[in-house]
Amino acid sequence: MMERWPQLILFMGVFLTALTSVDAHVKSVFVFGDSEVDPGNNKYVKNCTIQANFRPYGSSFFHYPTGRFTNGRTVADFIAQYLGIKFQKLYQEVYHHLAKDHRMSFPPNGLNFASAGSGLSSDMNKDQGVTSLQVQLQQFEALLMKNSSHKTFTQKTNCKLHIFSRIR
């Protein structure tokens, strides 16, 4: 973990600098990644063996296990708080609701697609049932195609897609 601190500090510096340079208020965030930003998507993925839905995870902020690989909030949660928006809902949870109610659209504050154990390679932890970064991006694309109101959504929220990645 210690060898990753310089990378994380650099990433956060670049990310927050980019956020402060945005003229419009950010109203929604879409999150892709691994355990550092996964809010609990893995608990909805059938046969996924990489889980954090037990104590001590979630104990210091939420006071119950959330599926986050932390005892509190993730980096994405802190960024949402900094932006003054609600934490992003889990894509897998929203997907299950969309399957039941086709009239439902995705939340206006964005979604979190992250899956603990994923990586840049689609083969990373594939046997553990995690959702790779490529699949997360495909899920996002499919959601935009399925939700016919995505153009209205991006116009109403002044949505601009900014992609920040951390390479291991």
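Which residues does Asn41 touch, not counting residues up to four places away in sequence? Taking contact as heavy atoms within 4.5 Å, the list runs Leu90, Tyr91, Gln92, Asn112, Phe113 and Ala114. Before going further, a word on the ground rules: this is a predicted model, where local features need pLDDT of at least 70 and side-chain atom pairs count only at pLDDT 80 or more, while totals for chains, interfaces and linings use all residues. Residues are numbered from 1 along each chain as its sequence is written, and side-chain values use heavy atoms, with hydrogens and water left out.

Back to Asn41, which sits in the loop between β1 and α2. Helices (H or I, at least four residues) and strands (E, at least two) are DSSP runs, numbered from the N terminus. With a relative accessible area of 2%, Asn41 is buried; here buried means under 20% relative accessible area, exposed over 50%, and partly exposed in between, using a 1.4 Å probe and protein chains only. The Asn41 side chain also makes polar contacts, that is, pairs of N or O atoms within 3.5 Å, where within protein one must be able to donate a hydrogen and the other to accept it, and residues adjacent in sequence count only if both atoms are side-chain atoms. One of its polar atoms lies 3.2 Å from the backbone nitrogen of Tyr91, and the side chain reaches the backbone oxygen of Ala114 at 2.9 Å.

Arg55 and Pro56 are joined by a cis peptide bond, with omega at about 15 degrees, and Pro56 lies in the loop between β1 (29-31) and α2 (75-83). Asn47 is not a glycine, yet its phi is positive, about 70 degrees; Asn47 belongs to the loop between β1 and α2 and, at 62% relative accessibility, counts as exposed. His63 shows a positive phi near 70 degrees, again in a residue other than glycine. The loop between β1 and α2 is where His63 is placed, and its 53% relative accessibility makes it exposed.

Next comes α2 itself, whose buried residues are Ala76, Asp77, Ile79 and Ala80. Viewed down the helix axis, they fall within an arc of 160 degrees, so they line one face of α2; the arc is that of the directions from the helix axis to the C-beta atoms. Gly84 follows α2 and has a positive phi, near 80 degrees.

On to the rings. Rings of Phe, Tyr and Trp (its six-membered ring) pair if their centres lie within 6.5 Å, with planes under 30 degrees apart counted as stacked, over 60 as edge-to-face and the rest as tilted. By this rule there are 12 aromatic pairs. Phe54 and Tyr57 have ring centres 5.3 Å apart and planes at 70 degrees, so the pair is edge-to-face. Phe54 is partly exposed at 43% relative accessible area, and Tyr57 is partly exposed at 23%. Tyr57 also pairs with Phe69: the centres are 5.6 Å apart and the planes at 55 degrees, so this one is tilted. Phe69 is partly exposed as well, with a relative accessible area of 26%.

One aromatic cluster is formed by Phe30, Phe32, Tyr91, Tyr95, Phe113 and Phe140. Finally, Arg73 lies over the face of Phe61, 4.2 Å from the ring centre; a charge sits over a ring if NZ of Lys or CZ of Arg is within 6 Å of the ring centre and within 35 degrees of the ring normal.
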